[in-house]
Amino acid sequence: MTAPIDLVHMRRAIEAAASVRRLTSPNPWVGCTIAAKDGSTFEGTTGPPGDHHAEIAALTAAGDNATGATLYTTLEPCAHHGRTPPCTDAIISAGIARVVVGVVDPDSNVAGLGIDRLRSAGVAVDVGVGAQDVEAQLLPYLTHRRTGRPFVILKMAASLDGRTAAPDGSSRWITSDAARSVVHELRADSDAVCVGAGTVRADDPALTVRHVDGKDPLRVVVGTAPADAKVHPCLEWSAGLDELLDHLGERGVVQLLVEGGAAVAASFHSQGLVDRYVIHLAPCLFGGSDAQPMFAGHGAPTIADVWRGRVASTRLVGGDLEVIVERS
């Protein structure tokens, strides 16, 4: 059984990791806590690419207090030379007695090698403490390392009867200011954002991060954007979506946000390429079948063919209902 104190320290590491979510990609956002023998604690987080890893930051903060201490890290420490030296070597040199790991790093350069290196040096290692919470926090990174493709989020806003625009094409604004701020949070968390050329022609979106702190994602247009569109500079894509995800994965895109329109949403959905659906439902009704739906084209022909997922969470955002659905 996991000791309660281990969960306390791992939760602190998870909270620390959350503070650097938008700074580390394509590297993982990792948190680390060191519990010294005298009861003092020290924390560290991963820096931007090329900067320190969380374990190094925590070791630096702990100094001589690291000797004989227990180190808690959300992700397995690296044992290879990348942009920075191996964290395992620093952990061993500091005299850490025990390392507690949330989840094993699926990156091919790590994948258990860090744990093996520590154990071979006489460091006690426990794996899986707080694993469910760490897995949820690092899911985009873990997906990228396991599949070579980004974690795909499909974001949609609709009325309660599932419509995204009036018959004349007008759609601004169905949802509230608060819901639109969430979209900017998703953009800030994502390395790339994707829309169809039809959406660019109809709405001319900039697809930048404006209402929250964060860098602008790579902008991807399925099709060709008009030369004067606000979305430029962007990646214009005319091949298949599988090829797009492979390309983005190779570019280090850990998370891709798909914002529509209906044709692009239907393509990602029908090909089984969506990992998470974020749907904002406004308390309004178009009240007819002539308003534009969330997905274009033909759907499931029978009830047996309907896609079914798992409701991960619901909450009120302003006056709207947010429903997050993931694969079951």
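Reader: What relative accessible area does Asp204 have?

Author: This is a predicted model, in which local features need pLDDT of at least 70, side-chain atom pairs count only at pLDDT 80 or more, and totals for chains, interfaces and linings use all residues. Residues are numbered from 1 along each chain as its sequence is written, and side-chain values use heavy atoms, with hydrogens and water left out. A residue is buried under 20% relative accessible area, exposed over 50% and partly exposed in between (1.4 Å probe, protein chains only). Asp204 falls in the partly exposed class, its relative accessible area being 27%.

Reader: Near what value is phi of Asp204?

Author: Most residues other than glycine have a negative phi. Asp204 is found in the loop between helix 8 (197-203) and strand 9; helices (H or I, at least four residues) and strands (E, at least two) are DSSP runs, numbered from the N terminus. Its phi is positive although the residue is not glycine, with a value near 50 degrees.

Reader: Where is Ala111, which also has a positive phi?

Author: Ala111 is not a glycine, yet its phi is about 45 degrees. The residue is partly exposed, with a relative accessible area of 45%. Its place is the loop between strand 4 (98-103) and helix 4 (113-120).

Reader: Which residue does a cis peptide bond join to Gly260?

Author: Most peptide bonds are trans. Another cis bond has omega of about 5 degrees and involves Gly260.

Reader: Which residue has the backbone nitrogen that lies 3.4 Å from a polar atom of the side chain of Thr46?

Author: Thr46 lies in the loop between strand 2 (41-45) and helix 2 (54-62) and is buried, at 5% relative accessible area. Leaving aside residues up to four places away in sequence, Thr46 touches Val20, Thr24, Pro28, Val30, His52, His53 and Ala54, where a contact means heavy atoms within 4.5 Å. The backbone nitrogen 3.4 Å from a polar side-chain atom of Thr46 belongs to Ala54.

Reader: Which residue follows helix 6?

Author: Helix 6 (residues 139-147) has Leu139, Pro140, Tyr141, Leu142, Thr143 and His144 buried. These buried residues pack against elements including strand 3 (70-75), helix 5 (131-137), strand 6 (151-159) and helix 9 (241-250). The residue after the helix has a positive phi, near 80 degrees, and is Gly148.

Reader: How many residues apart in sequence are the parts that Arg22 and Asp189 tie together?

Author: A salt bridge is a side-chain nitrogen of Lys or Arg within 4 Å of a carboxyl oxygen of Asp or Glu. The side chains of Arg22 and Asp189 meet in this way at 2.7 Å, N to O. Arg22 lies in the loop between helix 1 (4-18) and strand 1 (31-35) and Asp189 in helix 7 (residues 177-189), so the separation bridged in sequence is 167 residues.

Reader: In which helix does Arg117, the partner of Asp89, lie?

Author: Asp89 forms a salt bridge with Arg117, the closest N and O atoms being 3.5 Å apart. The pair ties together parts that are 28 residues apart in sequence, because Asp89 lies in helix 3 (residues 87-94) and Arg117 in helix 4.

Reader: Which residues do salt bridges that share partners join into one network?

Author: Beyond the pair of Glu322 and Arg315, there is a case of shared partners. The residues in this one network are Asp6, Arg98 and Asp126.

Reader: What percentage of the residues in the chain is buried?

Author: The chain has 10 helices and 15 strands, and its C-alpha trace spans about 70 × 40 × 40 Å along the principal axes. Among contacts between residues at least 6 apart in sequence, 72% join residues at least 24 apart. Of the 328 residues in the chain, the buried share is 48%.

Terms used:
Polar contact = N/O pair within 3.5 Å; in protein donor to acceptor, adjacent residues only side chain to side chain.
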